[in-house]
Amino acid sequence: MRRPSVRNHLPQVLCSLLLITVAGCASAPTAPADSAGGADAEATVLERVVPAPASVQSGGASYAIGAGTRIHVPGNSDEVRKVGDYLAEVLRPSTGYPLPVVADDGGSDGIVLKLGATISGAGSDKAAGAGTDGAKVPRDTAVALGAEGYRLVVSGQSVTIGAEQAAGLFHGVQTLRQLLPATIEKRTVQSGPWKVPGATITDAPRYAYRGGMLDVSRHFFSVAQVERYIDQLALYKINQLHLHLSDDQGWRIAVDSWPRLAAYGGSTQVGGGPGGSYSKADYREIVRYAAGRYLTVVPEIDMPGHTNAALASYAELNCNGIAPPLYTGTSVGFSSLCVSKDVTYRFADEVLGELAALTPGPYLHIGGDEAHSTSHADYVTFMDKVQPLVTKYGKTVIGWHQLAGAHPVAGAVGQYWGTNGGEKEVADAAKAGMRLILSPANRAYLDMKYNASTPLGQKWAGFVEVKDSYNWDPATFIKGAPAAAVLGVEAPLWTETIVTSADSDYMTFPRLPGIAEIGWSPVATHQWDAYKVRLAAQGPRWTALGIGYYRSPQVPWPSS
């Protein structure tokens, strides 16, 4: 894990929300009640959306999802139909309505998913994107939708979500979910009504990379557990799933050319226990499921340190030719591949080659942190030899920010996990072209304790309450680094103390949504007093989803 050692943080919310122009801004209750309908619910519902949208215009007639509602997919695009099917799967259990997904050009009542030209340009109904009731979808020229943006328009007869690409439609669906009562998330029929307030939302992300990392090496998580985590990430428009697949305590991915890595190196975990590993079919299923939620899988093989599971599996990877025992503790920095041996680079080449073949996304993460048992000269040699192996397979290198101390290849990305942003070599590498993912441990690490009484987690980076995790800006965190070098943000969940999905829930929520908002929303929207009210409104939604979360005293959670 990224740390030096271890081991054993309303008035007028709409007025302060975003780049927002809101008609009729009025005082709101400190913690909005989660009623299923009524004027109060409609007045406060736009205070519930996380991440904050780029532009919101409220007002107009609300739309009520009813027994006759259809989900319209004009043009019957396969990608759009998949988004429609996903939306129907979310809405059917709680509403009890059939909500058929139909391939037509709209209707007089329904939810309409539109791609491409229907939401671009201005000056005509087609260019503006006419709703099913004939109302135009206003175009906000200040917000470029791009690959992930969307426009959501609610009228009395329809909800229309338009986007340039299907990922934008999917993100628009996540916003629609949050515009509905929290009980929409339940898996049994609820009473409703299911009103969506009249509004036009135009939205697009600040950063292209918005990640969540799950460490499956310290404690193994099954495919089903990973997929559950993917669903949680997707709700907040996270688009990257970083899987930490290897470490001292466990190797979690099958490699045909080195079969003992998974069979033996994956046979344990922190504290002992059976560990586990993913077959190639398992990994493909995770990739498939993530793609269905518009997340890209970023696999990490941490090298040259954090490699005891590999060293225990194959004696020849050790400089002395002797395999160490498997390790189930939590110390770091004691292991290293043998930099001087040719077999080390054959190992790296074959492992990365097989992983690249399984991974459709553009990134391979090669770790590179806490290599305390590797001399600086050997570290530079190793990274200089391994980075080209990644590019040989058509992938982009990601490494932890220590990569800046070597020679980052063109296009390489450094993932920053420090705490003060003062590392000059990181700023210098960014100036020279290395891009950055920001994961400062004292802000973004989900395994840090909230406070001294938190039963799980660690505290080497300090206690990280909800406000701490929200109040920072990626563009300015690395002193001297150009803001343009920042590719995005990521919230890592290291699992030395995380054993179950319930553990994961407690440490992830409520901090993950704040990191997601920092990555998605315009910087002008980042205001704690407004955010904490919107965050509070997520509590009933998490309860409906079966997510047990930390009820931070910093957040005005609803009383029931």
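L214 stands opposite L243 in β11. Both residues belong to a predicted model, in which local features need pLDDT of at least 70 and side-chain atom pairs count only at pLDDT 80 or more, while totals for chains, interfaces and linings use all residues. Residues are numbered from 1 along each chain as its sequence is written, and side-chain values use heavy atoms, with hydrogens and water left out.

Strand β10 (residues 209–215) and β11 run parallel and are joined by 5 bridges; two strands count as paired if DSSP finds at least two bridges between them. Helices (H or I, at least four residues) and strands (E, at least two) are DSSP runs, numbered from the N terminus. Between β10 and β11 the chain passes through helix α6 (residues 223–235), and this β-α-β crossover is right-handed. Right-handed here means that, with the strands pointing away from the viewer, the path from the first strand over the helix to the second runs clockwise.

β11 also pairs with strand β14 (residues 296–303), in the parallel sense and over 5 bridges. There the bridge partner of L243 is P299. Strand β11 (residues 240–244) has 5 of its 5 residues buried, so it is largely enclosed by the rest of the structure. Buried means under 20% relative accessible area, exposed over 50%, and partly exposed in between (1.4 Å probe, protein chains only). In a regular strand the side chains alternate between the two faces of the sheet. In β11, Q240, H242 and H244 lie on one side and L241 and L243 on the other, and all are buried.

β10 has a further parallel partner, β19, with 6 bridges between them. In β19, L214 has L493 as its bridge partner. Strand β19 (residues 486–493) has 8 of its 8 residues buried, so it too is largely enclosed by the rest of the structure. Strand β18 (residues 435–438) runs parallel to β19 and is joined to it by 3 bridges, with L436 facing V486 as bridge partner.

N442, in helix α13 (residues 441–444), touches A461 and V464 among others, not counting residues up to four places away in sequence. Contact means heavy atoms within 4.5 Å.

Elsewhere, an open sheet of 7 strands has mixed pairing and the order β1-β9-β6-β7-β5-β3-β4. β1 (55–58) and β4 (101–102) stand at its edges with a single partner strand each, so one side of each is left without a neighbour in the sheet. β1 pairs with strand β9 (residues 199–203) in the antiparallel sense over 4 bridges, where Q57 has T200 as its bridge partner.

Helix α3 (residues 78–95) has buried residues including V80, V83, L87 and L91. Among the elements that cover the buried residues of α3 are β3 (70–72), β4 and β5 (110–115).

Over the whole chain, there are 19 helices and 19 strands, and buried residues make up 61% of the 560 residues.
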